[in-house]
Amino acid sequence: MGFKNYCFRKSLWVFHFGGASCNNCDIEILDCLTPRHDLERFGILLVGSIRHADVLLVNGSINKHDRERLVEIYNQAPKPILVVAIGACGCTGGLFADSITFAGPVDKVIPVDAYIPGCPPKPEAIIAGIVKLVKKGR
Amino acid sequence: MVSDIFYFLVFPGLLFSGIAGGLLAWFDRKVTARVQFRKGPPVLQPFYDFFKLLLVKETILPKQGSPILFLLAPVFSVTGAVLSAVFILLPLFNITTGFRGDIIVIFYLLTIPSFSYITGSLASGNPLAAVGGSREMKLIMSYELTFLLVVAGIILKSGGQTDLYSIILTQQATSSYIGSISGVMLFIAGIFCLQAKMAIVPFDMPEAEAEITEGIFIEYSGAAYALIKLSKYIMLLALPSLIAAMLMGGFRFEGINIVWSILKIPVIVLLLTLIRNTNPRIKIKQAVSFFLVWMNLLAVGAIVLIFFGL
């Protein structure tokens, strides 16, 4: 594990892509940044522009409209980028898997590095998932 | 010649001001975290961010717009920030440059980072960056006059001296300018100018994260963004040092005075951070009228008081 990889692991900036979500996962993601969980102590920040991001968090079911936008966002991101699928809808499609507008879970659209299941996953589960992702390295 | 290069690259220049500015950036983030009852990032966090952006991430060039100007703008901003840091920190560390009129040069050098941000944002061809760039232009037009009046007030107060070293010596021989009424007024105007120059929260419309998603820096990634971060760290050291030199009597290096001297910079940064954490972002129109009317009135009032010797 070199110096580069160490700096990368210590400073993950997160861009949040919400698909056709029921907003429950969004709220749990925001919970991770509040005083109780405070992800900034690990150097994790929420950024507004995909050009600054190191991690792309995707939650919600991906429908046909979201699909194009997700691919566009993924192509705009500076590599290396890690993709995390959050929630049952992001990982598998969940409740919406049989819907006619459903366009496949996230890993059918872009390559995914980590899955965090749950409906919604607890903030602790999200933190545990990100820690596992960080430990796995690239 | 060798000493000039040493000044620029190592001691008050790139290396020193980068490291000290990074530590101040950590201090700023830690205080912000404590104000919000969070734990905050580790000490080396700004350096992790910088090296990650510099070494790991890919730099993406804009398809529309001008890639060369887009890449040169961060280099210009770092150069301007380092030059101003050298000119401010040399007199502060009691090294005389023998350069009369350097306070005017510092005034112009301090605008280089803002202007290169504008150039870079307009060269990126992104509409949100253009909005940010135009906001930064309006902000510069509003605060520069106030900042010039503050500098003019200091020059008048020191009896027409235009180099920072003799301004510091005059203060150390008598008393710091902040001890007088006009000094306090200049300090208030100067603090708000610093806030606008560094684009931190009451005046962060150029990079408003919520509405135009980092605005002027939206297209920057990788090494180019790392240089912008570096110039922000350096400005976070240079601007409070300028206030410490102009109004608070600079640094003194004998006995217990060292502690008070070094503490001046974190205290000013603490003040900036507290203002940032207790205020919302204001609209660009409000910022223009705030500087053009109220802060200019304050600075002009201070200059009038200086004429009466207060």
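This is a predicted model: local features need pLDDT of at least 70, side-chain atom pairs count only at pLDDT 80 or more; totals for chains, interfaces and linings use all residues.
**View 1. Chain A as a whole.** Chain A is built from 6 helices and 5 strands. Walk along its sequence and the elements come in the order α-β-α-β-β-α-β-α-α-β-α. The radius of gyration is 14 Å, close to the 14 Å that the globule rule gives for 138 residues, so chain A is as compact as a globular protein of that length. Its C-alpha trace covers about 45 × 30 × 25 Å along the principal axes. Of the 138 residues in chain A, 41% are buried. Among contacts in chain A with a separation of 6 or more, 81% join residues 24 or more positions apart.

**View 2. Where chain B touches chain A.** Chain B brings 26 residues to this contact and chain A brings 17. On the chain B side, the elements giving two or more residues are α3 (45-56) and α11. The top contributor there is α3(B), with 7 residues. Sorted by class, the chain B side holds 11 nonpolar, 6 polar and 9 charged residues.

**View 3. Helix α11 meets helix α12 in chain B.** Here we have α11(B), residues 222-247, and α12(B), residues 257-277, with axes that come within 9 Å and cross at roughly 110°. The two helices are therefore roughly perpendicular to each other. From α11(B), the residues in contact are B:Leu236, B:Pro240, B:Ser241, B:Ile243 and B:Ala244. Facing them from α12(B) are B:Lys264, B:Ile265, B:Ile268 and B:Val269.

How values were computed
Residues are numbered from 1 along each chain as its sequence is written. Chains are lettered from A and ligands numbered from 1 in the order in which they are written. Axes are lines fitted to C-alpha atoms, for helices over the stretch in contact, and angles run from 0 to 180 degrees between N-to-C directions. Helices (H or I, at least four residues) and strands (E, at least two) are DSSP runs, numbered from the N terminus. Angles under 35 degrees count as roughly parallel, over 145 as roughly antiparallel, 65 to 115 as roughly perpendicular and the rest as oblique. Two residues are in contact if their C-beta atoms, placed from the backbone, lie within 7 Å. Ala, Val, Leu, Ile, Met, Phe, Trp, Tyr, Cys and Pro count as nonpolar, Asp, Glu, Lys and Arg as charged, and the others, Gly among them, as polar. The radius of gyration is taken over C-alpha atoms; the globule rule is 2.2 Å times the number of residues to the power 0.38. A residue is buried if 20 or more other C-beta atoms lie within 10 Å of its own, exposed if 12 or fewer, and partly exposed in between; C-beta atoms are placed from the backbone.
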